[in-house]
Amino acid sequence: MQNEIGNFAEFCDIFAGSGVVGEYFNKPDNKIISNDLLYHNFVNLNTFLGIEKFDESKILEILKKLNGLKSKKDNYFSSNFGNLYFGLENAVKIGLIREEIENLYKAKKINEQEKFILITSLIYAIDKDSKHRRTLRRVYQKRDKRA
């Protein structure tokens, strides 16, 4: 791009998705404009491209507490996704963590940027547990012993 247009001050990523293109061009002198229809992409984009201040040590402390949460009580996430895309026990924990993040935000213990960072951390973590991902891994391992 540098060869084609030279220096630029604004970059617009119309179908931003995960935000990797915008992140690539995200420099202190550049304004990044990102657009996407999906809420989880909006959250990810704000996590990686947001300008609101956040307290990294507070986020790390909250993540430790969230990882230690335990419950057997059904919630929205476990009722809708447990034993479907995720094991029931993990779905209960995912739902509990998501609800706790929202409670912290509503109680003004975290700002919006911190909320987005915590939700994105949860999204990235749950991707490692999905039944779909494990099924695909087994399929690939049968096809290619290196997988």
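Biologist: What's in the lining of the largest pocket, by class?
Modeller: The lining has 12 nonpolar, five polar and three charged residues. A pocket is an open set of points on a 1 Å grid, with protein on both sides within 12 Å along at least five of seven lines, and lining residues have an atom within 4 Å of a point. This is a predicted model, where local features need pLDDT of at least 70, side-chain atom pairs need 80 or more, and totals for chains, interfaces and linings use all residues. Residues are numbered from 1 along each chain, and side-chain values use heavy atoms, without hydrogens or water.
Biologist: How much space lies in that pocket?
Modeller: The largest pocket holds about 520 Å³. Closest to its centre, out of 20 lining residues, are Phe77, Phe81, Ile94, Ile123 and Ile126.
Biologist: Which elements give two or more residues to the lining?
Modeller: Helix 3 (39–49), helix 5 (76–81), helix 6 (88–106) and helix 7 (112–127) do. Helices here are DSSP runs (H or I) of at least four residues.
Biologist: And which gives the most?
Modeller: Helix 7, with five residues.
Biologist: Switching to helix 4. Which residues are buried there?
Modeller: Ile59, Ile62 and Leu66 are buried (under 20% relative accessible area; exposed is over 50%, with a 1.4 Å probe).
Biologist: Where do they sit around the helix 4 axis?
Modeller: Seen down the axis, the buried residues fall within an arc of 65 degrees, so they line one face of helix 4. The arc uses directions from the axis to the C-beta atoms.
Biologist: What exposed residues does the face turned away carry?
Modeller: That face of helix 4 has Ser57, Lys64, Lys65 and Asn67.

Note on methods: 1 Å grid on protein atoms, 1.4 Å probe; cavity = no way out; pocket = protein on both sides within 12 Å on 5 of 7 lines; lining within 4 Å. Points joined across faces, edges and corners; volume = space filled by probe spheres on them. Nonpolar A, V, L, I, M, F, W, Y, C, P; charged D, E, K, R; others polar.
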